[in-house]
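Here is a short briefing to read alongside the model. Keep the viewer open and follow the topics one by one.

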Amino acid sequence: MNLRELVSALNDFASPALAESWDNVGLLVEPSPPHTVNTLFLTNDLTEEVMEEAVQKKADLVLSYHPPIFAPLKRVTWKTWKERLVVRALENRIGIYSPHTAYDAIPHGVNNWLAKGLGACTSVPLHPSTAPSSPAEGTHRVEFCADAEHLDAVLAKIKDIPEISCLTTLPARVEGEEQTRVSLNCSQKALLDVVALLSQNSLLYHKTEILLLQKPLLPHTGMGRLCTLSEAVSLSDIIERIKGHLQLPHVRVAVGAGRTLESPVKKAALCAGSGSSVLKGTEADLYLTGEMSHHDVLDAVANGISVILCEHSNTERGFLSELRNALAVHLQNKINIIVSERDRDPLQVA
């Protein structure tokens, strides 16, 4: 596949618009076009060891779940390991694409895969995603009616206000009089100026409606998951299930205040990777994530919530095998897709 055709297909699989605003997703490194992709190489983290593997396996595009370029690079030299990744990628004509939190949000993504480790359950996003392109502009809609005497002057002043969009006028009959219905979208900042303008004329102001434009929620899409198990099971059983699902010999556990390893777990809140900000404040029997700060663990335990920590990338990496199969179907088996054998979490239990 041509690289740009493949990137378009990857964006259709998980829209970059679903990623968190702070994230750096999409195509990060592009060899000079035209660039044909025969082999797509999947990894959770693109380290130098993994890049060497990608070169040896003649990868044309690396899909790295975590973006190897996050903080802006001021130069591309041989001095730091992330700069060397870019150099090696371009020297070997390998593109780099990262989906990161877009894959966290989608219904067929990382968090849903992690939830399978709990056993039979239903789940909803902790922080639902909104439709990225609806509405297109503005946070508020303002509607008011004006008579012919005031219309032109008001419209002229409104058009001078920045951050106004979708300005429309339609004939209207109000209390038996012919008037014009004016509708516009505006930002929060512009709303103050519009209201100030309309309030100068009491007739206009009393006929004004202000609507908050809320984007519709996307079903089953968003950050984190709140999972309700079909049947409550003990915390010790959940620990064994998670270890089996993630293929880990050990996990770290903090037992909630007033709970024991035999206490039942019915509701579990989870977030792949680093889950503190996503899980905080959620009512559940259990928090499941890769890592949390010491003080966030203390807060959870004090509230009677048990915590299972599996190390950051251990809650993500196993998804790559499922991803390989899903992408093979999505891309109609047009390219070879392989998963890194050298990618691993940097932390070990000694």
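At what angle do the axes of helix 1 and helix 12 cross, and within what distance do they come? The two axes cross at roughly 115° and come within 11 Å. Please keep in mind that this is a predicted model.

**Helix 1 and helix 12**

- Helix 1 covers residues 3–13 and helix 12 covers residues 319–330; their crossing is right-handed.
- On the helix 1 side, the contact is made by A9, L10, D12 and F13. Helix 12 contributes L323, A326, L327 and H330.
- By residue type, this contact of helix 1 with helix 12 holds 6 nonpolar residues, 1 polar and 1 charged.

**The chain as a whole**

- The protein chain has 12 helices and 15 strands.
- Its radius of gyration is 26 Å, whereas the globule rule gives 20 Å for 350 residues, so the chain is more spread out than a compact globule.
- The C-alpha trace spans about 80 × 60 × 40 Å along the principal axes of the chain.
- Of the 350 residues, 49% are buried.
- Among contacts in the chain with a separation of 6 or more, 72% are between residues 24 or more positions apart.

**Pairing, strand by strand**

- Strand 7 and strand 8 are antiparallel and joined by 9 bridges; here V174 has E177 of strand 8 as its bridge partner.
- The hairpin of strand 7 and strand 8 has 2 residues between the strands, and E175 takes a positive phi near 50° in this hairpin.
- Strand 8 also pairs with strand 6 in the antiparallel sense, over 7 bridges.
- The bridge partner of E143 in strand 9 is E209.
- Strand 8 is mostly covered, with 7 of its 10 residues buried.

**Backbone details in loops**

- A cis peptide bond, with omega about 0°, joins P33 and P34. P34 lies in the loop between strand 1 (26–29) and strand 2 (39–43).
- H100 is not a glycine, yet its phi is positive, near 40°. H100 sits in the loop between strand 4 (95–98) and helix 4 (101–105).
- Is H100 buried or exposed? H100 has a relative accessible area of 11%, so it is buried.
- E163 also has a positive phi, about 65°, although it is not a glycine. E163 is in the loop between helix 6 (148–159) and strand 7.
- With a relative accessible area of 48%, E163 is partly exposed.

Definitions and conventions
Residues are numbered from 1 along each chain as its sequence is written. This is a predicted model: local features need pLDDT of at least 70, side-chain atom pairs count only at pLDDT 80 or more; totals for chains, interfaces and linings use all residues. Side-chain values use heavy atoms; hydrogens and water are left out. Two strands pair if DSSP finds at least two bridges between them. Helices (H or I, at least four residues) and strands (E, at least two) are DSSP runs, numbered from the N terminus. Axes are lines fitted to C-alpha atoms, for helices over the stretch in contact, and angles run from 0 to 180 degrees between N-to-C directions. A crossing is left-handed if the near helix is turned anticlockwise from the far one by less than a right angle, and right-handed if clockwise. Contact means heavy atoms within 4.5 Å. Ala, Val, Leu, Ile, Met, Phe, Trp, Tyr, Cys and Pro count as nonpolar, Asp, Glu, Lys and Arg as charged, and the others, Gly among them, as polar. The radius of gyration is taken over C-alpha atoms; the globule rule is 2.2 Å times the number of residues to the power 0.38. Buried means under 20% relative accessible area, exposed over 50%, partly exposed in between (1.4 Å probe, protein chains only).
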